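Please examine the sequence and the three-dimensional structure shown below.

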Amino acid sequence: MLVAISISPSGSPRDDSETGGVSASVSDAVRVIRESGLPCETNAMFTNIEGEWDEVMDVVKRAVFTVAETSPRVGLVLKADLRAGHDTGQMTAKVERIEERLADGQ
């Protein structure tokens with residue numbers, strides 16, 4: 001399975017209340033995800049994680065609960081792609097298929 005998650009803390013004393021920045025809390029969540037050993041990548045809006053259902057959901061739960069330790073409220077957006085026969089390698093394969101089409105002018 002491939003998931004894209006966004007964890008949004010609210011009211012954390014670690015974050016910048018002047019600008020609304022949440023990088024301190026978000027970095028705590030990303031650290032949990034990266035330390036899991038699952039394939040992952042972080043961009044400006046989401047972190048993508050790939051693996052089996054139970055292991056991915058465990059990592060998501062741990063990341064959310066880590067942020068909850070310093071934030072009274074935590075929002076989670078999760079989008080999942082479950083495709084039979086395509087359990088691994090899709091985080092890069094999906095992008096490669098698009099890049100191939102672009103290179104071919106399709």
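The model is predicted, so local features need pLDDT of at least 70 and side-chain atom pairs count only at pLDDT 80 or more, whereas totals for chains, interfaces and linings use all residues. Residues are numbered from 1 along each chain as its sequence is written, and side-chain values use heavy atoms, with hydrogens and water left out.

Four strands make up an open sheet with the order β2-β3-β1-β4, and their pairing is antiparallel. Two strands are said to pair if DSSP finds at least two bridges between them. The edges of the sheet are held by β2 and β4 (73–81); each has a single partner strand, so one side of each is left without a neighbour in the sheet. On average, neighbouring strands of this sheet are turned by 20 degrees against each other, with direction ignored. Such angles run from 0 to 180 degrees between N-to-C directions, and axes are lines fitted to C-alpha atoms, for helices over the stretch in contact.

The individual pairings can be followed across the sheet. Between β2 and β3 there are three bridges, and in β3 the residue Asn-48 is the bridge partner of Glu-41. These two strands, β2 and β3, form a hairpin with four residues between them. Four bridges join β1 to β3; here Ile-5 has Thr-47 of β3 as its bridge partner.

Contact means heavy atoms within 4.5 Å. How far apart are the end C-alpha atoms of helix α1? They are 18 Å apart, which agrees with the span of 18 Å that its 13 residues (23–35) should have at 1.5 Å a residue; the expected span is 1.5 Å times one less than the number of residues. The buried residues of α1 are Ala-24, Ser-25, Asp-28, Ala-29, Val-30, Val-32 and Ile-33. Buried means under 20% relative accessible area, exposed means over 50%, and partly exposed lies in between (1.4 Å probe, protein chains only). The buried residues of α1 pack against β1 (2–10), β2 (40–42), β3 (47–50) and α2 (53–68). After α1 comes Gly-37, whose phi is positive, near 85 degrees.

In a regular strand the side chains alternate between the two faces of the sheet. In β3, Thr-47 and Ile-49 point one way while Asn-48 and Glu-50 point the other way, and all are buried.

Attention now turns to the interior. A nonpolar core is a set of buried Ala, Val, Leu, Ile, Met, Phe, Trp, Tyr and Cys residues joined through side-chain atoms within 4.5 Å. The largest such core has 15 residues, and Ile-5, Ile-7, Ile-49 and Val-56 have the most contacts inside it. At least two residues of this core come from each of β1, α1 and α2, and α2 gives the most, with six residues. Not counting residues up to four places away in sequence, Val-56 touches Met-1, Val-3, Leu-38, Ile-49, Glu-50 and Gly-51.

Side chains of opposite charge can pair when their charged atoms come close. A salt bridge is a side-chain nitrogen of Lys or Arg within 4 Å of a carboxyl oxygen of Asp or Glu, and a search of the whole structure finds three. In one, Asp-28 pairs with Arg-31, the closest N and O atoms being 3.4 Å apart. Both lie in helix α1, three residues apart, about one turn of the helix. Asp-28 counts as buried because its relative accessibility is 15%, while Arg-31, at 44%, counts as partly exposed.

Another salt bridge joins the side chains of Asp-58 and Arg-62 (3.0 Å, N to O). Asp-58 and Arg-62 are four residues apart in helix α2, so about one helical turn separates them. In a further salt bridge, the closest N and O atoms of Lys-94 and Asp-81 are 2.5 Å apart. Lys-94 lies in helix α3 (residues 90–103) and Asp-81 in strand β4, so this pair ties together parts that are 13 residues apart in sequence.
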